[in-house]
Amino acid sequence: MKVVILGVVGAGKGSYSKILAKDYGFKHLSAGDILRKEVESGSGLGKEIKERIDAGKFVDDKLMLDLLSKEIGDSEDVVFDGFPRNLKQAQLLDSRVKVDKVVFLDISDEAIIERLEVRKICKECGRIYGLNIPAPDEKCECGGALYQREDDKPEVVKKRLEVYHRLTEPLIDYYSEKGLLVKIDADGGLDVVFERVKKVLGLG
Ligand code: AMP
């Protein structure tokens, strides 16, 4: 099954995709993680990407698809997290794979701003901590140090929300018209919301 997780920054796309990967064998393709990997490689391309991410802007559609395509492989069950983010990317994805379901994580901007202010990520294993999952002693369970993403700072979050409403939100209609969209209330604890995700995907 090919699943797209759609939602505003901080809605939980990464967290739920990680559970789908760990417990249900999905291949997790995170557009943001793929970009950050390129940034960490220190390449010239990585430097350009970093500038755009830190400014809360999108990277080029075709470049994004090329980076993602390298990772898709021939996996049967895939969860797309953070891709597509605009209509052009949705069309590009359609030309490559048959999307079976789109889970739209519905949540207000106010709830997002509150969440991202405290979101921290483990440097070692990538685990995400926040309002609903406080980090014990400001460290990850694996012992790794935690950091705040540069683009989770309030002024960048505001910009990312604006970009989301303008460019990504039209995908709700795009996938609704195809009969693929399921909307779930994403304002709640991780376990409660994941139960909703499981239900709409028909997973045990
Ligand atoms: P994320 O980790 O998904 O929140 O993505 C972090 C940042 O990476 C975004 O704010 C964008 O700058 C960039 N990015 C992520 N996904 C895409 C995409 N599908 N297309 C273009 N830029 C993206």
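Predicted model: local features only at pLDDT ≥ 70, side-chain atom pairs only at ≥ 80, totals over all residues.
Me: OK, zoom out. In what order do the five strands sit in the sheet, and which are the edge strands?
Reply: The sheet is open and its pairing is parallel, with the order β2-β3-β1-β4-β8. From one strand to the next the twist averages 20°. An edge strand here pairs on one side only, and that applies to β2 (27-30) and β8 (181-185).

Me: What packs on the sheet at β2 and β3, and at what angle to β2?
Reply: A helix touches both β2 and β3 (78-81). That helix is α2, residues 31-40, and its direction makes about 65° with that of β2.

Me: Back to β1: how many of its residues are buried?
Reply: Take the strand one face at a time. K2, V4 and L6 are buried on one side, and V3, I5 and G7 are buried on the other. Both faces are covered, and the count of buried residues is six of six.

Me: On to α6. Which residues there are buried, and why do they line one face?
Reply: Looking down the axis of α6, the buried residues fall within an arc of 125°, so they line one face of the helix. On the other side, E110 and E117 are exposed. The buried residues pack against α7. In α6 (residues 109-117) they are A111, I112, R115 and L116.

Me: Since α7 came up, at what angle does it pack with α8, and how far apart are the axes?
Reply: From α7 (residues 154-168), the contact takes in Y164, H165, R166, L167 and T168, which meet P170, L171 and I172 in α8. By type, the residues of this contact divide into five nonpolar, two polar and one charged. As for geometry, α7 and α8 (residues 170-177) pack at about 35°, with axes 5 Å apart.

Me: What about the rings: how many aromatic pairs are there, and what kind of pair do Y24 and F194 make?
Reply: Searching the whole structure turns up three aromatic pairs. For Y24 and F194 the ring centres are 6.2 Å apart and the planes are at 40°, so the pair is tilted.

Me: How many residues apart in sequence are the parts that this pair ties together?
Reply: Y24 sits in α1 (residues 13-24) and F194 in α9 (residues 190-201). Both rings also belong to one aromatic cluster with Y16. Because of where Y24 and F194 lie, the pair ties together parts whose separation in sequence is 170 residues.

Me: Where is L180, and which residues does it touch?
Reply: L180 is found in the loop between α8 and β8. At 16% relative accessibility, L180 counts as buried. Leaving out residues up to four places away in sequence, L180 touches V99, D100, K101, V102 and Y175.

Me: Last one: what is the peptide bond from F83 to P84, cis or trans?
Reply: P84 is in the loop between β3 and α5 (87-94). Most peptide bonds are trans. From F83 to P84, though, omega is near 0°, and the bond is cis.

Technical notes
Residues numbered from 1 in each chain as written. Heavy atoms only, no water. Axes fitted to C-alpha atoms, helices over the stretch in contact; angles between N-to-C directions. Helix = DSSP H or I, 4+ residues; strand = E, 2+ residues; numbered from the N terminus. Contact = heavy atoms within 4.5 Å. Nonpolar A, V, L, I, M, F, W, Y, C, P; charged D, E, K, R; others polar. Pairing = 2+ DSSP bridges. Buried < 20%, exposed > 50% of the residue type's maximum accessible area, 1.4 Å probe, protein only. Arc of directions from axis to C-beta. Phe/Tyr/Trp six-rings, centres within 6.5 Å; stacked < 30°, edge-to-face > 60°.
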